[in-house]
Amino acid sequence: MPRATAIIPAESSRLCEGCGYILDGLPEDGQCPECGKPVIESADADGRTWPAWEATPGLGGFLTTTAAVMLHPRNFYRTLRTRDPLLLSNHFARLHWMLTSLFMGTAAFLYWMWMSGHDYLGVFHSWHIAIWPGLMGCCYLLLSWVTALAAKLSSWEAGFRGWRMPYKAVLRALHYHSPHYLPVGLIALSTIIGFLIYLPHARRPDIAIEIYMYTLCAEVVLGAAYLFRSYWAAMTQIMYANR
């Protein structure tokens, strides 16, 4: 049997922030017939506002918003306005992509030098140093592309299931997801630097290299799980957002 096309609620419809039930026509002092959540909590008193970065752009707002996203992701996304312009959220993401690209690009550059047997001091006097900014640029473009792709796929999947999650709202949420890349990049860079410092003093370099490779593989798996968990926290908290 063919699957019936899911009906996506209109942008003008008010959804219950708790379960997604359409509340059109219900009084402000009423309750959601589906889950019992007060209607007012899905209206003007829904608690959704601008993050500190948008309220007061600058270093203070940047650091405050970064800390809120990383330490309290569910609360951050539960109070995030999702239908606002993308300009400031995009700037926020770009700054974090640049920082992450610095970590990941440097890690990739050090790994490449070790694998190719280049001298760490001599490489700064040759054309090989140009590979460093090139790797950082590739990381930046990859993060930007993956974010846009994830937003499109998430919006498409939501529409397939009948959830109202417009592309721009999802993309705005993923812009604020960008701080979660920082610890992944920083841990990868720290692991490679630590290995390069330890390797010359290792009694069994072959075992040290094996441990190093297994460590990197474990970090890839754990990093992917961490990023998905934070992504899931974002999507579940904006799924029924009205503004």
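The buried residues of helix 6 pack against helix 1 (52-55), helix 3, helix 4 (87-116), helix 5 and helix 8, where helices are DSSP runs of H or I with at least four residues, numbered from the N terminus. These buried residues are Ala-169, Val-170, Leu-171, Arg-172, Ala-173, Leu-174 and His-175, buried meaning under 20% relative accessible area with a 1.4 Å probe and protein chains only. Because 7 of its 9 residues are buried, helix 6 is largely enclosed by the rest of the structure.

The model is a predicted one, in which local features need pLDDT of at least 70 and side-chain atom pairs count only at pLDDT 80 or more, whereas totals for chains, interfaces and linings use all residues. Residues are numbered from 1 along each chain as its sequence is written, and side-chain values use heavy atoms, with hydrogens and water left out.

Contact means heavy atoms within 4.5 Å; with neighbours within four places in sequence left aside, the partners of Tyr-77 include Arg-48, Ala-173, Tyr-176 and Ile-238. Phe-76, which is found in helix 3, counts as buried because its relative accessibility is 7%. On the same terms, Phe-76 is in contact with Pro-51, Thr-65, Ala-68, Val-69 and Tyr-176, while its C-alpha atom is separated by 30 Å from that of Cys-138, 62 residues apart along the chain.

Some values for the whole chain follow.

| Property of the protein chain | Value |
|---|---|
| Helices and strands | 8 helices and 0 strands |
| Span of the C-alpha trace along its principal axes | about 75 × 50 × 30 Å |
| Buried share of the 243 residues | 41% |
| Share joining residues at least 24 apart, among contacts between residues at least 6 apart in sequence | 72% |

The radius of gyration, taken over C-alpha atoms, is 23 Å for the protein chain, whereas a compact globule of 243 residues would have one near 18 Å, the globule rule being 2.2 Å times the number of residues to the power 0.38.

Technical notes:
Helices (H or I, at least four residues) and strands (E, at least two) are DSSP runs, numbered from the N terminus. Buried means under 20% relative accessible area, exposed over 50%, partly exposed in between (1.4 Å probe, protein chains only).
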